[in-house]
There are 2 protein chains.
Amino acid sequence: MNADVTGEAKGGVDRKIMKVLAGESVWPPPVWIMRQAGRYLPEYREMRARAGGFLDMCYNPDFAVEVTLQPIRRFGFDAAIMFSDILVVPHSLGQNVWFVEGEGPRLDPIATTDDVARLGERDPHLHLEPVFETLRRLRRALAPETALLGFCGAPWTVASYMIAGKSTPDQAPARIAAYADPAFMRALIDRLVETSIDYLVAQVDAGADAVQIFESFASALSAPLFEPLSLDPIRRIVSGLKARRPQARVIVFLRGGGPNLARLVEAGFADAIALDWSLDLARTLPGIPAKLPTQGNLDPLALVAGGAALDAGIDAVLAATKGRPHIFNLGHGIVPQTPVTHVERLVERVRGS
Amino acid sequence: MNADVTGEAKGGVDRKIMKVLAGESVWPPPVWIMRQAGRYLPEYREMRARAGGFLDMCYNPDFAVEVTLQPIRRFGFDAAIMFSDILVVPHSLGQNVWFVEGEGPRLDPIATTDDVARLGERDPHLHLEPVFETLRRLRRALAPETALLGFCGAPWTVASYMIAGKSTPDQAPARIAAYADPAFMRALIDRLVETSIDYLVAQVDAGADAVQIFESFASALSAPLFEPLSLDPIRRIVSGLKARRPQARVIVFLRGGGPNLARLVEAGFADAIALDWSLDLARTLPGIPAKLPTQGNLDPLALVAGGAALDAGIDAVLAATKGRPHIFNLGHGIVPQTPVTHVERLVERVRGS
């Protein structure tokens, strides 16, 4: 590995997001957008039409590097996030995963402790090597001041797909399994914790400055399930990663985690907390230590609407976070129908603040 | 109207739920279950198979009374909630509403202020008369100690169906409309507030002891939208109802309202707060005044799982709420695959506490 791929800025190069992740308030705040390499961009849609399946694209560094760079060229975001999907992890463990156009992911569901024991016949590191190659190429292609982000799904979110075989309202199949067969759920979560640590370590080694853990489905977890299925597994991933790569920085995104956000903050292991759009910053930020970096939380649909609603939404986030270490972002992924001009407006307004 | 249908218990008759709604702690707590008249009951499925469409069933007092009484006969719940649907309100305003088996409701979407102006050609009171007849018959059929509950959807929840024409993830079409066309959204919400007040007044006149307002989709509202689209319209409904029927009691259910729950509590207009299953009572109850009644919040999927998870879940709710004015309930509607024996277990365990 050479100095270009350690994920550390070289002498004199400021990566604004890394300064924020170190607890410094940077103004105007750095900005990137969740799912910024995506279908709202015509150049992405063109690449996508020429690519094979969605997972093929994730495993093809030529495609993945190009679509990761597209929004950087257009908008000059302060971070590039590698183009990939959280479901490459179950795929790397041997579970069958595919994407149905217009519907989303499908997996052959797993249901028992035996199914968990059978996972992992494929070599995860070998299988995910294209992801790491994508990161290495991205670090070389990016300007030194642009941060490079990796990511994975949190175990509960990934497990809910692995059990249901698809996205399900309130993750009902996985929640029933959690109540009815806790040994199975524990085995699956443990397996995902171990694999995610290895995966994130390799991402950092390949050049990721920081990684984001996506707990997209925190909102459906009841009090008895949140600690064992969400908070504790994420804690173990972060501590496992940091034990091996102390320089790694971790952003944790609990989507819909409002009621449980305080527990994540108190747990203290996240380097930054990504806030979803439903959170009222005026009420949420006073509960977050002033030096703990935050990220978010504009409603992606205010970005679709544009106009006065967009300007007011941007200004409200800026006003609430001024003086704090904050990374400007949406409160969830950008949606396909977002006009590109609205994204331009967002970047201008944040940078002009 | 005779004394039987005023919704007030006659001399010496205790309706436990009404005592709790007056701020008294009753032990063991009264219990009912959201969507207790539903598909988990074989006798409901049999009635349903013989009925016409779902809405026909809501408008047929013979059916509606019978299915409302089914769970009361089986389990002796402390409250009967009239069998109906929140979408009878847009239907009463002239919007086309129908139910697709296995998929849910469908409506001809509305999109403009003109569409709102065209609503209401049908006489709402005349259209909803079968609902009131159902309530009158129920009050006569129920034992004096069983409370009778009416309900309506909160304006935002109902509006999100009216705009999208169906249930949609995170209510995206309605949220975009809220940002892009606030005048339309305001007109629609205002219309629903007025109609809901009339509707609830008539429910109370027909014998409802208390009503529950269902804000099923609170979780997707960003900070700038929550106050104007959810909190303020519910406040106006409650104050409009109480101005005309001071004896009315109102339970407000903000599903997924975790981050905004404190605002509802502070607003102070709800007689009781129904808590969804994602809320950790140990963290939530200290923020709710000791005399403000609560309801909930067992995970409906713990009831599906049964066994140790069910017992632990019931015991946790009981332990957290002991000494408070609390109505035992689920944190959301019971789901069709719930075994009837698990409901029996729940009632026994709550009553034996």
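Gln171(A) lies in the loop between α9 (155–164) and α10 of chain A; helices (H or I, at least four residues) and strands (E, at least two) are DSSP runs, numbered from the N terminus. This is a predicted model, in which local features need pLDDT of at least 70 and side-chain atom pairs count only at pLDDT 80 or more, while totals for chains, interfaces and linings use all residues. Residues are numbered from 1 along each chain as its sequence is written, and chains are lettered from A and ligands numbered from 1 in the order in which they are written.

- Gln171(A) has a positive phi, near 50°, and is a residue other than glycine.
- Gln171(A) is also buried, with 24 other C-beta atoms within 10 Å (a residue is buried if 20 or more other C-beta atoms lie within 10 Å of its own, exposed if 12 or fewer, and partly exposed in between, with C-beta atoms placed from the backbone).
- In chain B, Asp170(B) sits in the loop between α9 (155–164) and α10 (172–180), and its phi is positive, about 55°, although Asp170(B) is not a glycine.
- Asp170(B) counts as buried, with 20 other C-beta atoms within 10 Å.
- Trp27(A) and Pro28(A) are joined by a cis peptide bond with omega of about -10°; Pro28(A) belongs to the loop between α1 (16–21) and α2 (42–50) of chain A.
- A cis peptide bond also links Gly296(A) to Asn297(A), with omega about -20°, and Asn297(A) is placed in strand β8 (residues 294–298) of chain A.

**Strand β4 of chain B**

- Strand β4 (residues 147–153) of chain B has 7 of its 7 residues buried, so it is largely enclosed by the rest of the structure.
- In a regular strand the side chains alternate between the two faces of the sheet.
- Ala147(B), Leu149(B), Phe151(B) and Gly153(B) point one way from β4(B), while Leu148(B), Gly150(B) and Cys152(B) point the other way.
- β4(B) pairs in the parallel sense with strand β1 (residues 79–81) of chain B over 3 bridges (two strands pair if DSSP finds at least two bridges between them); Ala147(B) of β4(B) is the bridge partner of Ala79(B).
- β4(B) also runs parallel to strand β5 (residues 210–215) of chain B, joined to it by 5 bridges, with Ala210(B) in β5(B) as the bridge partner of Leu149(B).

**Helix α13 of chain A**

- In α13 (residues 258–267) of chain A, the buried residues are Gly258(A), Pro259(A), Asn260(A), Leu261(A) and Leu264(A).
- Within chain A, these buried residues pack against α12 (223–244), β6 (249–254), β7 (272–275) and α14 (281–284), and they also pack against α13 (258–267) of chain B.
- Gly268(A) follows α13(A) and has a positive phi, near 80°.

**How the chains meet**

- 30 residues of chain A are in contact with 30 residues of chain B (C-beta atoms, placed from the backbone, within 7 Å).
- The elements giving two or more residues to the side of chain A that touches chain B are α10 (172–180), α12, α13, α14, α15 (300–305) and α16 (307–321) of chain A; α10(A) gives the most, with 5 residues.
- The residues on that side of chain A divide into 20 nonpolar, 6 polar and 4 charged (Ala, Val, Leu, Ile, Met, Phe, Trp, Tyr, Cys and Pro count as nonpolar, Asp, Glu, Lys and Arg as charged, and the others, Gly among them, as polar).
- The copies meet through the same surface, because 100% of the interface residues of chain A are also interface residues in chain B.

Notes. Contact = placed C-beta atoms within 7 Å.
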